[in-house]
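This report describes selected features of the structure shown below.

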Amino acid sequence: MFEENGYQVVKIVPASDAGSIKNAESERTVPIHPALLAAGFLEFVAERGQGPLFYRRSSGDPKRKQASKGVANRLASWIRKNGFSNPRKAPNHALRHWFKTEASRVGISDSVADAIQGHTDSSSSGVYRHIGLAPMASALEKMELPPRRGVSLDA
C-alpha cells in the first residue's frame, strides 16, 4: 500500500513466494475503496509490516501448498457467508460477477470496471485506452461496501 497521485493504492503483482496472477495484463495499481480506508485498513497494513498482508511467508518448501492458499480458502468461505451463494459459481467468480453487475448498476463504464479488475478490452481500440487512478477512485466511491441490503448476490 502506498500513496500515488493523492490516492491510497494497492499494487497487484505476482508474489515473491509463488503467489501468481492470471497474466501480465492483470498487474495493476488500484485505489483502495473509501470504506476500507475508513475501517482502518491502512493501520492494519502498518501493523503487518513488510511482506504479505494476509498470510505468513512461505516455508520455501516447493512440496508444500502455496502460502496464500489458506487465505484463498478463508476468502471463499467469507464470500459464501456474505450472500454470494450461487453454487454454479466459484466464490471468487461470484464476487467478480457481483462487481461487474454493481458497476453497471451505478453507472461505471465497462472500461473503468475492467481496469479495476485487471481485465483487458478485447476490441482493437482497447489497447489505446489507459484508465488513471482518478476515474477508478471516483468509480469505487459509487459502490457501497459492504453490499447494500436487498441486492441480489447470486449474480
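Two strands are taken to pair if DSSP finds at least two bridges between them. The model under discussion is predicted.

## The sheet

An open sheet is formed by three strands, in the order β1-β2-β3, with antiparallel pairing. At its edges lie β1 (2-4) and β3 (28-31), each of which pairs on one side only. From one strand to the next, the twist averages 50°.

Strand β2 covers residues 7-12 and runs antiparallel to β1, to which three bridges join it. Tyrosine 7 in β2 has glutamate 4 standing opposite.

## Helices α4 and α5

Helix α4 spans residues 91-105; its axis and that of α5 come within 10 Å and cross at roughly 150°. Because angles over 145 degrees count as roughly antiparallel, α4 is roughly antiparallel to α5. The crossing in which α4 passes α5 is right-handed.

On the α4 side, the contact involves Arg96, Phe99, Lys100 and Ala103, which meet Ala113, Asp114, Ile116 and Gln117 in α5. Classified by residue type, this contact of α4 with α5 has four nonpolar, one polar and three charged residues.

## Aspartate 114

Aspartate 114 is located in helix α5, which comprises residues 110-117. Its relative accessibility is 17%, so aspartate 114 counts as buried, the cut-off being under 20%.

Apart from neighbours within four places in sequence, aspartate 114 is in contact with Lys100 and His119. Of these partners, Lys100 belongs to the α4 residues that meet α5.

How values were computed. Residues numbered from 1 in each chain as written. Predicted model: local features only at pLDDT ≥ 70, side-chain atom pairs only at ≥ 80, totals over all residues. Heavy atoms only, no water. Helix = DSSP H or I, 4+ residues; strand = E, 2+ residues; numbered from the N terminus. Buried < 20%, exposed > 50% of the residue type's maximum accessible area, 1.4 Å probe, protein only. Contact = heavy atoms within 4.5 Å. Axes fitted to C-alpha atoms, helices over the stretch in contact; angles between N-to-C directions. Parallel < 35°, antiparallel > 145°, perpendicular 65-115°, else oblique. Left-handed = near helix turned anticlockwise from the far one by under 90°. Nonpolar A, V, L, I, M, F, W, Y, C, P; charged D, E, K, R; others polar.
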